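Dear colleague,

Please find below the structure that I am handing over to you. I would be grateful if you would look through it alongside the notes that follow it.

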Amino acid sequence: MLNRRHIRIKVMQTLYAFDGGEGDDFKNDQKFLLQSIEQMYDLHLLMLSLLIEVQKRAEDYQGKSQKKILATQEEKNPNRKFINNQVLQILNEDVALQNAFEKRKIDHWYLDFEYVDIIFKSILESDLYKTYMSSRVSDFKEDKNFIIDVFTEIIAPNDKLYEYIEDQKLTWLDDLPVVNTGIQKMLRKLKKENKANYFTPSLFKDTEDKEFATALFQKTLLNKSKFNQEIAAKTKNWDAERIANLDAVLLQMAICEFQKFPSIPVKVTINEYIDIAKEYSTPKSSFFINGILDKIVKEYKSNGELNKIGRGLM
């Protein structure tokens, strides 16, 4: 569920916020790092629970419409295609998912029901819904495609929902694109019969990824002065104050991967930090970082100091 790039972003944010030196206690900052990663799983569950709550809202809406004194024939005999959508039924009946909601206290929509209403009304007013509801029967493929389209075109880009998530936890803003992409992939691969815990996968792909997060944070922080010396040697014509703080952190992390993570290919490290710089730093940062890292790698290679193992990692 969690990819290496997002792990790097989480480490970058924690290092950027760290107010101390190599000799200071950073246990609280490491705890914050792990908590912010763990909270990403809550966001995953929150977005899935929204789909379930929208279905409940639809059922409640139809139930109230049927009880109107002057209910129309359509209201008395409503089209239940959306309520009976097979994907929504699978989500609602997933025991592992319901247990995860309870365990992690994912009950946000009970108090903040107005956001469920916002999404439900957006769905009702959409052409997607009108086309889908133009008939009363559907197969699993149509149901799945409809939910994928609703999630992609209505839920994921909703501004009000974005503002709500920002207010809940600031770290969720960076998690949201990763979480939404992950849910979209899950929905696309969904089958009528799925393996247990399909919607509640492990946060980390494996223990190696989990260890990578803490190791990258610790090793970058503990070698910060040494890495800064290398950066200074490659930026002699630069005033240190002109180097963006975030760029310095990204360079420290990249050098750390060159030196302390022999199984990560050099090209992977460089490409990852260039892309992160494009997204999070100044417009020219990616070019600056690329140039500095290129100089460092060439020097390491000429001095035989590039600590990489395995074919194709140089």
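Predicted model: local features only at pLDDT ≥ 70, side-chain atom pairs only at ≥ 80, totals over all residues.

Helix H16 covers residues 285-303. The buried residues of H16 are Ser285, Ser286, Phe288, Ile289, Ile292, Leu293, Ile296, Val297 and Tyr300. Viewed down the helix axis, these buried residues fall within an arc of 155 degrees and therefore line one face of H16. An α-helix has 3.6 residues a turn, so residues three or four places apart point the same way. The buried residues of H16 pack against helices H13 (224-233), H14 (245-260) and H15 (266-280). On the other side of H16, Phe287, Lys298 and Ser302 are exposed. After H16 comes glycine 304, which has a positive phi, near 65 degrees.

The second topic is the pairing of H9 (residues 140-155) with H11 (residues 172-189), whose axes come within 10 Å and cross at roughly 170 degrees. An angle over 145 degrees counts as roughly antiparallel, and H9 and H11 are therefore roughly antiparallel to each other. H9 contributes Lys144, Ile147, Ile148, Phe151 and Thr152 to the contact, while H11 contributes Asn180, Ile183, Gln184, Leu187 and Arg188. By type, the residues of this contact divide into 5 nonpolar, 3 polar and 2 charged.

Yours sincerely

Note on methods: Residues numbered from 1 in each chain as written. Heavy atoms only, no water. Axes fitted to C-alpha atoms, helices over the stretch in contact; angles between N-to-C directions. Helix = DSSP H or I, 4+ residues; strand = E, 2+ residues; numbered from the N terminus. Parallel < 35°, antiparallel > 145°, perpendicular 65-115°, else oblique. Contact = heavy atoms within 4.5 Å. Nonpolar A, V, L, I, M, F, W, Y, C, P; charged D, E, K, R; others polar. Expected span 1.5 Å × (residues − 1). Buried < 20%, exposed > 50% of the residue type's maximum accessible area, 1.4 Å probe, protein only. Arc of directions from axis to C-beta.
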